[in-house]
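Please examine the side-chain contacts in the structure shown here. The paragraphs that follow take up aromatic pairs, then charged pairs, then the surface.

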Amino acid sequence: MDQNFNNTPAQQAGVNNQNPVNNLSVGGAAKGCFGLSKTVVILIALALILGGYGCSKRNSFVTQEKEVDAAWSKVEADYQRRSDLYTTIAANLKKYDKHERETYQGVTNARAGVRNNEQQDQALQQMQALADSAQALKGVKVDPNDEQAINNYLNSQKKLKEQLNLAINVVHEAYPDLKAEDLHKDFQAQMEGTENRINTSRKDYIEKVREYNTNIDLFPGNIVAGIFGFKAKPQFKAEEGTDKVPNVDSMLED
């Protein structure tokens, strides 16, 4: 006789239930943690990984953006220092002019190359114009995200520097002995230091913007940047001749 025929129903049920794990798979997908399917678990894990990467990348963008803003603030601060210096230079040259007028007033042909009133008046006008332009740029704040505003600001600074050159040349025509004075030596040193500061801060800003823009352009960071609204920062090129320190002596040469 067939041995299975003699098995009781309970024994037959025991045989059928020998592999409960296989029974869980019958009619559906295998179950993982908390009764979720393996596919769902994998998707959740992937979402957590991508979410963690996105948060990390966003924080990186925020940090770099703040570094760009800080670098631009340094550029502005150094340009403000230049404006303050030019204002001071103009004020000191006015004092020099007053001293020269009082010293040689009423003296006719006291020495060779005596200055006439017309030259002195022109020098005063140029110094006043320089002081006014420098004063107008003091306290000006520019949004580093506004490319047009940055360009306008840099053009104004360039014109201010050109105005200084013109003022110094006119002053030299009126006062050829000025370059032998300690006053001239003092503002020459200050100008060189200021221009060096500006050149350094501009280079630092350019580098910070380059790093930030590269970071948000590269895949997959560009996807995160797009999701969180990070955009490229406007860049500017170094001014022609900014790699050279201004030489006030050359400005005052005959």
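Rings of Phe, Tyr and Trp, the last taken by its six-membered ring, count as a pair if their centres lie within 6.5 Å, and planes over 60 degrees apart make the pair edge-to-face. In this predicted model, a search of the whole structure gives five aromatic pairs. One of them joins Tyr96 and Tyr175 edge-to-face, at 5.5 Å centre to centre and with 90 degrees between the planes. Tyr96 belongs to helix H4 (residues 38-104) and Tyr175 to the loop between helix H6 (147-174) and helix H7 (182-217), so this pair ties together parts 79 residues apart in sequence. Both tyrosines, Tyr96 and Tyr175, are buried. Elsewhere, ring pairs link Trp72, Tyr79, Tyr153 and Tyr205 into a cluster.

Because Glu67 lies in helix H4 and Lys208 in helix H7, the pair ties together parts 141 residues apart in sequence. Glu67 is partly exposed, at 32% relative accessible area, and Lys208 is likewise partly exposed, at 30%. Another bridge, between Glu195 and Arg82, has its closest N and O atoms 2.8 Å apart. This pair links Glu195 in helix H7 with Arg82 in helix H4, 113 residues apart, and both Glu195 and Arg82 are buried.

Phe228, in helix H8 (residues 221-228), is partly exposed, with a relative accessible area of 42%.

Note on methods. Residues numbered from 1 in each chain as written. Predicted model: local features only at pLDDT ≥ 70, side-chain atom pairs only at ≥ 80, totals over all residues. Heavy atoms only, no water. Phe/Tyr/Trp six-rings, centres within 6.5 Å; stacked < 30°, edge-to-face > 60°. Helix = DSSP H or I, 4+ residues; strand = E, 2+ residues; numbered from the N terminus. Buried < 20%, exposed > 50% of the residue type's maximum accessible area, 1.4 Å probe, protein only. Salt bridge = Lys/Arg side-chain N within 4 Å of Asp/Glu carboxyl O.
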